[in-house]
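Good morning, and thank you for coming.

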Amino acid sequence: MATFPPPYPPYPQHPPPRWWQRRWVRYGAPGTLLALSGLVILALVREQTGTEGFLVGLGLAVLPVPLLVAAFRWLDRVQPGPWRNLLFAFAWGACAAALIAIVANSFATKWIATATADPSSADRLGATVIAPVVEESAKAAAVLLVFLFRRRDFTGIVDGVVIAGVTATGFAFTENILYLGTAFGTDQLTGDSGIASVTAATFFVRIVMSPFAHPLFTVLTGIGFGIAALSGERQRTRRVLVPLAGLLLAMSMHAFWNGSSTFGQFGFFAVYTMFMVPTFGLLTWLAVWTRQRELRTVREELPAYVYAGWLGAAEPFVLGSMRARQMAREYASYHFGKAAGRSVAEYEGYATTLALLRRRGQRGRAGADFVVRERELLAELWGRRELVRPALEYAARTAAPGGWPGYAAHVPSPYGAPVPGWQGAAVPYPSYNPYRS
């Protein structure tokens with residue numbers, strides 16, 4: 001089959017990157033800092049728990065991590081961000097943020113105890129005031145860094161929720177090692193074991209009952225950055241104040257949770273059942289609703305590129321359905337290999353980014369590089385169309401054998417032959433510029 005050129009000439013090449021934009025600087029410097037932080041935090045935790053306590057804490061603390069990361073990755077399936085962002089977020093939470101929290105919390109608590117000569121009040125104040133401020137600020141730094149330096153991967157609320165949640169998962173992982181390892185050391189001294197041990201109680205509270213606590217707090221910060229990402233460049237006040245408001249909410253909720261033990265004998269369980277669980281349910285609903293909204297945006301915005309000749313007529317339907325997307329990936333992997341399946345997944349991601357970019361442009365919130373970014377995304381789609389087309393057409397026929405709802409019957413296929421179910425002439429490429437309104 002002949003290979004057609006894209007509807008317009010490729011965009012000129014970008015100028016050579018400056019030294020601070022080079023790959024080894026962008027990845028080497030943060031990687032080195034995180035590795036050093038990891039070594040320091042490893043030594044500090046091991047010093048406080050002992051080798052045996054550290055190993056026990058590590059084995060127990062790792063249990064909820066795959067489930068939490070998988071949940072955030074599932075939420076990000078509509079427009080999946082690169083794995084390197086998630087690895088950075090988790091490493092920042094587990095290493096840098098945890099190191100900042102341990103050092104700052106210890107210093108502040110000791111200073112308050114010395115100044116007031118009241119260690120019990122210092123511990124209480126440290127848990128309810130200092131720890132929430134320090135820890136949420138340290139975790140928010142990862143979200144800020146991704147927002148500033150990986151801006152193209154940070155396009156909305158779901159991205160903020162995912163980056164914040166994975167960062168907090170990493171932080172909770174290190175914190176749980178410390179708490180569980182310390183509890184195990186206490187049991188070693190007292191001789192307790194089994195259900196009555198401090199280790200079992202700590203495991204039940206932190207791993208079974210509230211593994212989502214830290215992600216829940218930091219997700220509020222992520223939502224603030226997500227709203228800022230959806231704001232226009234001229235809305236500078238909103239882009240600054242909304243993330244700060246999210247951070248303040250995260251600190252407040254964290255402080256309320258840490259202070260629940262001071263609310264009486266059943267204060268912890270009252271806060272857990274009446275506040276934490278409903279808030280968790282509300283934020284989960286918001287995240288899932290936002291994901292469905294992204295799929296609806298794909299179905300509504302991509303037909304413009306069908307008329308322009310960039311996409312096949314069925315693609316908006318397939319790309320706007322998670323079931324059809326999965327069918328396309330499985331079909332490509334089964335018939336053409338895993339590399340083809342990855343190409344379909346990449347195609348789905350680029351198409352989703354394109355739809356969300358167009359939606360922001362229609363609302364006047366796109367950046368100055370809108371045209372450049374749109375051309376880059378279209379070029380990525382065009383380069384994969386031959387390999388991806390059979391899988392998308394199969395998914396369309398299988399997911400909606402009676403036809404694809406919501407699209408005009410006269411839409412032509414850009415591949416040179418009419419798609420079954422459509423009446424109209426075959427148009428191999430459009431005769432107009434897709435950027436004209």
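I begin with a definition: a nonpolar core is a set of buried Ala, Val, Leu, Ile, Met, Phe, Trp, Tyr and Cys residues joined through side-chain atoms within 4.5 Å. Buried here means under 20% relative accessible area, while exposed means over 50% and partly exposed lies in between, computed with a 1.4 Å probe on protein chains only.

Two remarks on the source are needed. This is a predicted model, in which local features need pLDDT of at least 70 and side-chain atom pairs count only at pLDDT 80 or more, whereas totals for chains, interfaces and linings use all residues. Residues are numbered from 1 along each chain as its sequence is written, and side-chain values use heavy atoms, with hydrogens and water left out.

Let us take the chain as a whole. Its secondary structure comes to 14 helices and zero strands; helices (H or I, at least four residues) and strands (E, at least two) are DSSP runs, numbered from the N terminus. Of the 437 residues in the chain, 47% are buried.

Now to the cores. The largest nonpolar core has 60 residues, and those with the most contacts inside it include Val-45, Trp-92, Trp-257 and Met-276. What does Met-276 touch, not counting residues up to four places away in sequence? Its partners are Phe-212, Ala-213, Leu-216, Phe-217, Met-253, Trp-257 and Val-271, where contact means heavy atoms within 4.5 Å. A second, separate core of 35 residues includes Phe-317, Leu-319, Ala-355 and Trp-382.

The aromatic residues come next. The structure holds 15 aromatic pairs. Rings of Phe, Tyr and Trp (its six-membered ring) pair if their centres lie within 6.5 Å; planes under 30 degrees apart count as stacked, over 60 as edge-to-face and the rest as tilted. Phe-147 and Phe-225 form a tilted pair, with 5.5 Å from centre to centre and 55° between the planes. This pair links distant parts of the chain, since Phe-147 belongs to helix H4 and Phe-225 to helix H7, 78 residues apart. Phe-147 counts as buried because its relative accessibility is 7%, and Phe-225 is buried at 9%.

Trp-310 and Trp-382 form an edge-to-face pair, at 5.3 Å centre to centre and 80° between the planes. Trp-310 lies in the loop between helix H10 and helix H11, and Trp-382 in helix H14, 72 residues apart. Trp-310 is buried at 4% relative accessibility, and Trp-382 is buried at 8%. Ring pairs also link Phe-212, Trp-257, Phe-268, Phe-269, Tyr-272 and Phe-280 into a cluster.

Let us return to helix H7. H7 has 18 residues and reaches 26 Å from its first C-alpha to its last, close to the 26 Å expected; the expected span is 1.5 Å times one less than the number of residues. H7 bends by about 25° at Val-219, the bend being the angle between axes fitted to the seven residues ending there and the seven starting there. Why is H7 described as largely enclosed by the rest of the structure? The reason is that 16 of its 18 residues are buried.

Is Arg-384 buried or exposed? At 18% relative accessibility, Arg-384 counts as buried. Leaving aside neighbours within four places in sequence, Arg-384 is in contact with Ser-343, Glu-346, Tyr-347 and Tyr-350.
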